[in-house]
Structures are given as C-alpha cells and as structure tokens.
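Hi,

Here is the structure I said I'd pass on.

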Amino acid sequence: MRIAFVSTTLSGLPAEYQGSHAAEEPLDLLYAIAACEPSFECELIDVWADDPAPRLAGIDAVVFSTTNSYLQWNNHPLGLGLFERAWNRVAEALEPGSPPVRVVLGPHVPAHWRELYAMGADAVILGEAELQVPVVLRALLSGQSPAGIPGYLDPHSRTRSAPARVDDLDALCRPAWEHTVAGLYCAHNHLDSTQLGHLYEASRGCPYQCSYCNTITHRRAFRAKSPAKVERELGHLATMSARRYVYFIDESFGFRDPWVEDLMPRLEALPFQYGCQGNLRFSSRAKLDAMAKAGFVDVEFGFETGDAGLLRTVGKDNRLDDAAEIIEHAAAVGLNPLLFVLLGLPGEDHHSLRRTFEFLRRLPPAVRISVGMPTPYQETELHRIGVATGVLGRERGADLYRFTGTIGHELHFAPPERQRFASDYGPNNFLVPAFVDRLEHDAMRMFRS
C-alpha cells in the first residue's frame with residue numbers, strides 16, 4: 001500500500017511574520033516514514049512545490065504533521081491556518097469517490113485535536129507518535145479501530161488519552177533523509193539565511209517547569225540518544241548529503257555534562273557545522289569551548305527576562321548572576337548566541353521591563369535576540385492563571401492566541417498595538433544600542449499601565 005506524507009511547509013505567510021520564509025526539514029515525518037517503510041511504500045510530498053494531484057493518484061493513506069517546522073504550531077498566526085490550507089489543497093487534489101485514510105500527528109495537537117477531527121481526520125495521534133504511525137495505519141487500512149494504541153485520540157471520548165512517548169531514543173529509526181537530501185531546506189536560525197541544512201535531535205525533553213511552556217503535556221522527561229548512535233546517524237548523513245550544517249532541535253541540548261564530554265569529540269570528527277538550543281542554567285565556559293571546538297557556530301538560549309524575581313515567578317532558573325558572562329563567552333568563541341526574550345510574562349511591570357533592557361545593554365552587539373510574548377497554551381500554569389483571573393473563559397485552540405502577552409500582569413495594550421509590535425520585532429535582531437533603545441521605547445509605549 002502507498003502512503004503519502006505531507007510536509008505542510010511555510011506558504012502564504014502573513015506580512016507580519018518575522019521569521020524565515022524558507023522550508024525546514026520535516027523531521028517528525030522522516031522518523032515516521034522510516035518506521036513505515038518496512039510495511040508500506042512511502043513518499044514525501046510538498047503540496048506547495050507543484051501540483052500534488054499526480055503523486056496522490058491511487059494513494060491509500062495520507063499522513064500529515066502539525067509541526068513542519070515545529071515553530072508553525074506555536075507562533076500565531078502560523079499554526080492551524082497553515083495546516084488547514086495544506087489540508088484543503090490535498091483534499092482538492094485527491095481522486096473523487098473514495099478518499100484515503102487521513103492521519104495527523106504532531107507534538108502540539110493537544111489544543112487542536114477536535115478541530116482536526118472536524119476537518120475530516122480519521123485518526124489524530126498525540127505526543128511522540130512517530131513509532132505509532134504504522135500501527136495506526138495498519139489498523140485503519142484493515143478496517144479496525146485504533147482504540148488502545150498509545151497516543152490515539154478517540155473523537156468520541158470525553159477525556160483525552162495519554163500522549164505517546166519514546167522512552168528509549170535509541171529505539172527511534174534513523175531519519176529517512178533520503179527523501180529530503182535533494183530538497184531546499186533551510187538551516188534553522190542560521191546567520192546566513194540562504195544556508196541549507198538538516199534538522200536532527202540528539203535528545204528530547206526539558207526538565208524545567210516554566211509556567212508558559214506547552215511541553216507540559218509530554219516533553220518534560222529528559223532523554224538522550226547514545227553518543228554512538230548520534231555519531232553513527234550523522235556519519236551516515238555525511239555520506240548521502242552535500243549539506244554541511246546540522247541543527248540539533250533538542251529542547252535542552254547538552255543537559256548532562258558526561259554526555260557532552262563523550263559526544264563533542266565524535267561531532268568534531270564529522271564534516272558539519274552545528275547549531276542548537278541550550279539553557280543558561282547548565283551552560284559553562286568549558287562546555288561552550290568544547291562545543292566551539294566541535295564545530296558549533298550558533299547556540300540559542302531561553303533568556304526570557306532580565307528580572308530575577310520574574311524568572312522565579314515563571315519557574316525559570318537562568319542564574320542571572322552568571323548569564324552575562326556565559327553569553328559574552330559564547331559570543332567570544334564564535335557561537336553567535338541568540339536569546340529568546342518574552343515580554344508580558346505573569347508579574348511583568350514597567351520595572352521588570354526596564355531590568356530586561358538594562359541587562360540587554362550589558363551584552364555585546366554580536367548577540368542576537370528574538371522578541372515574543374507568551375501564549376496561554378492549554379494545561380500550562382499560564383493558562384490556569386488566565387482562567388483563575390477571569391481573562392480566559394472557554395477559549396480553546398487557536399482562540400488562545402488572542403490572549404498572547406495578556407495574562408497575569410496589570411499592563412494593558414490593544415490588539416492593534418500588539419500586531420504592530422510583532423511586525424517590527426522578531427528573530428535575529430542584533431543588540432546594537434540603537435536597536436535596544438528602539439525596542440525599549442516601543443515596548444514601554446505598547447505596555448502602558
């Protein structure tokens with residue numbers, strides 16, 4: 001049987017979106033394809049590259065991901081709208097009469113799974129569902145119910161099933177890169193926006209308890225692939241691809257020091273440059289030196305705010321006393337650090353905003369920042385605060401994006417101001433003094449008391 005895997009790449013982006021407009025490699029689909037290939041004939045389709053109708057002719061099932069790239073689902077207005085456009089394009093291209101089975105996976109479907117069923121999905125799988133895809137497909141294609149399969153969300157149930165989770169990452173198949181090596185996939189947040197690269201993950205999960213983070217559903221437990229598996233898989237990638245940049249899309253790359261000590265020499269022996277997202281809490285000068293030696297050229301940190309009290313309020317531990325030194329050292333050794341800054345966190349006021357801008361002014365202008373505001377995703381502490389304070393009612397799914405930046409503080413701003421601010425600030429802004437001055441001025445004007 002033939003299975004089409006649909007990459008819902010960035011297309012028809014709104015003018016205010018500040019991020020890269022290039023496609024990123026659909027890593028979750030590459031895992032799922034690899035898991036399915038022993039049982040099915042698989043192909044990856046980019047529905048926006050050309051007319052999908054010829055490639056969908058005679059197909060038995062279509063598998064969609066909500067997260068190609070994973071950023072789409074978490075950045076309004078990219079999530080459901082982009083997915084729905086790709087979904088409709090596939091529906092229009094399918095042969096009339098007997099539409100194939102349609103399966104949706106993705107780690108960020110908890111807020112949208114009922115909407116996905118309303119669109120016509122036959123099965124929605126919650127969590128790290130790559131290994132569950134062939135199991136669900138075999139059930140559906142044989143006329144059976146997927147009930148009981150880990151992560152399967154029963155559309156008739158009043159309660160949501162537990163998400164699927166891969167406890168042993170060494171059990172994951174090697175990503176099916178052969179489906180993407182000829183494609184033009186950009187390198188995530190690379191300084192050179194034209195740089196081509198691959199996505200990879202060496203670990204999953206974040207052990208921290210940030211109140212605004214939607215990893216609460218299933219991505220808190222930290223797990224890592226063995227360094228030998230990472231070396232083996234990336235070594236294979238080097239033999240089949242001419243691209244020489246790999247971005248580790250781990251939530252907390254380098255969390256365990258012994259693992260880093262084992263992995264870095266292995267990465268150094270491979271012909272790649274690397275990027276990753278880490279955490280200021282477990283970073284050190286020695287670890288950054290080892291990463292630079294291994295070939296890392298950019299690293300991202302969830303900085304959020306320069307106010308220590310606000311960090312404690314939201315459950316983030318960035319060791320602000322050491323943060324400036326860590327960030328400066330990352331810049332000095334060529335890691336081109338990027339900081340994620342969140343304005344409008346619970347407890348935010350004008351004093352905390354000023355402390356953030358004061359901290360940013362201490363950093364070298366080679367440091368980059370991405371500016372955003374927190375969204376009250378379901379099941380997060382931020383969402384509970386919104387409900388308890390009466391700001392949120394029965395809103396679900398995409399409706400929650402309307403409350404981005406509005407929960408848990410006394411600062412006020414109108415939606416047009418928020419949209420204008422979002423259109424002016426986004427990823428990869430360098431901390432030159434003029435930029436920080438302008439950012440502070442516009443933020444203070446938007447967040448009026």
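One convention before the helix pairs: a crossing counts as left-handed if the near helix is turned anticlockwise from the far one by less than a right angle, and as right-handed if clockwise. Helices (H or I, at least four residues) and strands (E, at least two) are DSSP runs, numbered from the N terminus.

On provenance, this is a predicted model, where local features need pLDDT of at least 70 and side-chain atom pairs count only at pLDDT 80 or more, while totals for chains, interfaces and linings use all residues. Residues are numbered from 1 along each chain as its sequence is written, and side-chain values use heavy atoms, leaving out hydrogens and water.

**Helix packing**

Let's start with H8 and H10. H8 passes H10 in a right-handed crossing. Their axes are 10 Å apart, and H8 packs on H10 (residues 320–332) at an angle of about 20 degrees; axes here are lines fitted to C-alpha atoms, for helices over the stretch in contact, and angles run from 0 to 180 degrees between N-to-C directions. H8 and H10 are therefore roughly parallel to each other (angles under 35 degrees count as roughly parallel, over 145 as roughly antiparallel, 65 to 115 as roughly perpendicular and the rest as oblique). From H8, the contact uses Arg285, Leu288 and Asp289, and from H10 it uses Glu325, Ile326, His329 and Ala330; contact means heavy atoms within 4.5 Å. Sorted by class, the contact of H8 with H10 has 3 nonpolar, 1 polar and 3 charged residues. For the classes, Ala, Val, Leu, Ile, Met, Phe, Trp, Tyr, Cys and Pro count as nonpolar, Asp, Glu, Lys and Arg as charged, and the others, Gly among them, as polar.

H8 (residues 285–294) also meets H7 (residues 257–268): the two axes come within 8 Å and cross at roughly 20 degrees. That makes H7 roughly parallel to H8. The handedness of the H7 and H8 crossing is left-handed. On the H7 side you'll find Asp257, Val260, Met264, Leu267 and Glu268, which meet Lys287, Ala290, Met291, Lys293 and Ala294 in H8. The residues of this contact of H7 with H8 split into 6 nonpolar, no polar and 4 charged.

H7 packs against H6 (residues 227–240) as well, at an angle of about 20 degrees and with the axes 9 Å apart. That makes H6 roughly parallel to H7. The crossing of H6 and H7 is right-handed. Pro227, Ala228, Val230, Glu231 and Leu234 of H6 make the contact with Trp259, Asp262, Leu263, Arg266 and Leu267 of H7. The contact of H6 with H7 divides into 7 nonpolar, no polar and 3 charged residues.

**Ala202**

Ala202 sits in the loop between strand E6 (198–200) and strand E7 (203–204). With a relative accessible area of 0%, Ala202 is buried (buried means under 20% relative accessible area, exposed over 50%, partly exposed in between, with a 1.4 Å probe and protein chains only). Not counting residues up to four places away in sequence, Ala202 touches Leu169, Ala224, Lys225, Val230, Phe248, Asp250, Phe253 and Trp259.

**H12 and His383**

In helix H12 (residues 381–388), the buried residues are Leu382, His383 and Gly386. Seen down the axis of H12, these fall within an arc of 100 degrees, so they line one face of the helix; the arc is that of the directions from the helix axis to the C-beta atoms. His383 has 14% relative accessibility, which counts as buried. Leaving aside neighbours within four places in sequence, His383 is in contact with Pro376, Tyr377, Gln378, Leu392, Glu395 and Leu400. After H12 comes Gly390, with a positive phi near 85 degrees.

Glu304 isn't a glycine, yet its phi is positive, about 75 degrees. Glu304 belongs to strand E11 (residues 296–304) and is buried, at 6% relative accessible area. Arg319 isn't a glycine either, and has a positive phi of about 45 degrees. Arg319 lies in the loop between helix H9 (308–314) and H10, and counts as partly exposed at 29% relative accessibility.

His351, in helix H11 (residues 350–361), is exposed, with a relative accessible area of 52%. His351 and Asp307 are 44 residues apart in sequence and 8.5 Å apart in space, C-alpha to C-alpha.

Cheers
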